[in-house]
Amino acid sequence: MTPAPSLAPETGAGARQAPAPSRAFVRGRVVLGFLVTVATTYLGLLAVTFFIGRVVPVDPVLAILGDRASTEVVERTREALGLNLPLHHQFWIYLKQAVRGDFGTSVLTTHPVLEDIARVFPATMELATLGTLIGSLLGVPLGVLAAVRRGGILDQIVRVVGLIGYSVPIFWLGLLSLVLFYAQLHWVSYPGRLDVVHEYTFSPTTGFYLFEAAWTGQWTILGDLFAHIALPSVLLGYFSLAYISRMTRGFMLTEMSQEYIVTARAKGLSEARIIWFHALRNAAVPLVTVIALSYASLLEGSVLTESIFGWPGLGLYITNSLGNADMNAVLGGTLVIGSVFIGINLLSDLLYRVLDPRTKRR
Amino acid sequence: MSDPTSSPSSRVQSWRTWLLTEFPASPAQARLGRVYVIWLRFSANRLALTGLGVLIALLLVAAFADVLAPHSAVQGDLMNARLLPPGSPGYLLGTDGQGRDILSRLLQGSRLTLLVVALVAVTAAPIGLLVGTVAGYAGGWLDAVLMRVTDIFLAFPKLVLAMALVAALGPGIENAILAIAIVSWPPYARVARAETMTVRGSDYIAAVRLMGASPGRIVVRHIMPLCLSSLIVRVTLDMAGIILTAAGLGFLGLGAQPPLPEWGAMIATGRRFILDQWWVAAMPGIAILIVSLGFNLLGDGLRDALDPKEADS
């Protein structure tokens with residue numbers, strides 16, 4: 001292979017090794033490959049949502065005008081919406097609009113879809129973040145201990161927690177826990193994000209209520225917010241915990257059978273030091289990917305949870321729009337969730353490269 | 001019958017030796033022997049057997065639902081039997097808001113669950129197998145294109161894409177199944193492709209190629225059978241997820257429509273009575289939990305039996 005001209009300025013050492021492509025060049029090619037992957041995936045996402053939008057049995061013209069409009073008006077509207085153009089042309093227009101962030105107007109709220117999503121998304125993020133925090137802060141230690149005492153009680157617990165987590169319908173568990181913890185025990189507050197009493201005394205400027213209440217020192221409100229978010233976030237945290245603890249256990253078992261552990265033991269290091277500083281340090285690299293994936297899946301899994309807990313996030317927004325055949329909103333929401341998915345995957349990939357020195361050399 | 005060699009225990013013994021022989025005399029014997037070894041490993045696992053038991057029970061219940069169900073699943077007794085608690089005479093698991101026997105509805109609903117699982121398995125798995133093996137064997141631009149498409153579908157969260165699809169196609173159990181199948185095949189393609197890549201360069205494939213086999217024949221006759229075991233494991237492990245997605249769609253009103261006794265939709269109707277008549281929503285959830293747990297146990301057991309290397313990780 002002849003070395004192609006590098007895109008990035010070359011360092012002296014790299015330039016002298018003429019036959020092998022320089023490190024900067026390799027890195028440049030990796031980045032370029034990354035960008036191409038992201039671009040094609042995103043294009044595919046748009047193609048899928050565009051296609052779904054075309055399959056809709058509801059005629060958009062009929063939806064706007066009703067069935068009493070004259071043929072002439074129908075024709076004119078059809079033209080105005082660009083529906084008489086060839087499909088590839090329509091897709092091109094759709095692409096241009098999507099790049100500008102224009103996903104149309106929601107029929108239900110009469111606002112632009114992107115504006116709606118920007119309003120509701122922080123609520124979903126707050127919930128998913130808290131859930132992931134609960135899941136990883138409990139799941140990682142649990143998984144480590146299960147691997148260390150293999151076959152012990154903790155290992156059995158991790159197994160059962162995992163099995164139930166993979167088998168139980170989240171919306172059912174949510175309903176039952178509402179009956180128990182809200183209706184019977186009164187430990188948590190009713191569905192929603194904030195008590196009606198506080199709706200008018202608390203006027204946040206961002207969508208991140210918890211953060212803002214803590215920042216401005218409104219402690220009663222913060223307590224009330226926690227009473228509302230506790231149950232859904234613990235529930236999502238449970239599902240995240242089931243996944244993270246099981247994966248941690250697997251990674252730790254692999255690490256603990258490596259030879260460097262034998263070396264560390266031979267040096268006379270304490271077992272705790274070996275487990276938490278040596279083995280976990282190495283298991284942390286794939287764990288980052290697992291936690292990122294679990295975060296992404298919580299953003300998605302919140303669709304059903306939000307519907308149960310009346311949580312005003314993206315999931316509830318999509319479900320409500322679905323019920324009202326508001327396709328612009330549904331597809332916009334789907335696209336945003338898909339993009340977040342891609343983004344998180346990308347981020348975990350990059351983190352992997354940063355954390356694992358071995359990937360840098362390639 | 002006085003011949004001692006034909007006593008039942010020794011006949012079983014000779015079957016065993018025939019199956020476990022190191023030198024099978026025919027392909028059939030070798031194949032049966034392999035299946036027997038897998039079964040031995042599988043049946044040593046009590047949890048896996050429990051999973052198999054749940055699946056068999058589900059099949060039996062679905063087959064004999066008409067005989068087993070004490071009442072109609074659709075027609076209720078609004079006059080006398082509205083919202084009866086579990087254990088009421090004649091209504092073991094209680095009744096719902098329309099006076100319908102919950103047990104009968106659950107029994108009949110098992111058919112819908114089985115239908116969803118079976119249809120998704122027979123549509124998504126072959127598509128994934130075909131895409132994965134063709135991509136893996138062909139390599140080059142075909143591989144790149146097929147895997148790109150797979151990645152795009154993987155980038156969408158399953159439930160959300162299924163929701164959008166059902167919203168476009170119109171709610172109903174058929175469209176829900178179609179949507180779930182469309183979102184389910186990409187992981188199978190990934191598995192099949194990985195498996196294909198490992199055998200593609202092997203000597204026996206080269207030998208078949210030298211004998212003049214066409215690429216199509218190689219993929220269908222020599223590569224696909226090798227991908228089957230890992231695919232079966234993957235599909236079984238996915239079943240629980242498919243049941244949960246179908247139930248989720250049903251719960252949101254996008255799956256089976258009333259009065260069909262779909263378990264997820266039953267939970268949705270029970271939501272109205274959840275505070276006072278908890279059983280209306282609780283019972284279908286227990287049914288879903290048992291069946292998905294069964295599939296998960298079965299899948300774990302199959303993985304351990306088919307691939308002992310993976311068993312520990």
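**Figure 1. Confidence of the predicted model in chain B.** Chain B of this predicted model has an average pLDDT of 86, and 95% of the residues score at least 70. Within chain B, helix α5 (residues 102-138) holds the highest confidence, at 92, whereas helix α1 (residues 8-20) holds the lowest, with a mean of 80. For the complex, the predictor reports an ipTM of 0.84 and a pTM of 0.84.

**Figure 2. The interface of chain A and chain B.** The contact involves 43 residues of chain A and 41 residues of chain B. About 3,700 Å² is buried between chain A and chain B, and carbon and sulfur atoms account for 77% of it. On the side of chain A, the residues that lose the most area to chain B are S167(A), F171(A) and W172(A), which together make up 16% of what that side buries.

**Figure 3. Salt bridge and polar contacts between the chains.** One salt bridge is found across the interface of chain A and chain B. R246(A) pairs with D300(B) in a salt bridge whose closest N and O atoms lie 3.5 Å apart. Six residue pairs are in polar contact between chain A and chain B, with both residues at pLDDT 80 or more.

**Figure 4. Helices of chain A that face chain B.** At least two residues each of the side of chain A that touches chain B come from α2 (23-55), α7 (153-167), α8 (170-184), α10 (219-256), α12 (271-309), α13 (314-323) and α14 (327-355) of chain A. The largest share, nine residues, is supplied by α2(A). Sorted by class, this side of chain A comprises 28 nonpolar, ten polar and five charged residues.

Methods: Residues numbered from 1 in each chain as written. Chains lettered and ligands numbered in written order. Predicted model: local features only at pLDDT ≥ 70, side-chain atom pairs only at ≥ 80, totals over all residues. Heavy atoms only, no water. Contact = heavy atoms within 4.5 Å. Buried area = accessible area lost by both parts, 1.4 Å probe. Salt bridge = Lys/Arg side-chain N within 4 Å of Asp/Glu carboxyl O. Polar contact = N/O pair within 3.5 Å; in protein donor to acceptor, adjacent residues only side chain to side chain. Helix = DSSP H or I, 4+ residues; strand = E, 2+ residues; numbered from the N terminus. Nonpolar A, V, L, I, M, F, W, Y, C, P; charged D, E, K, R; others polar. pLDDT = per-residue confidence, 0-100.
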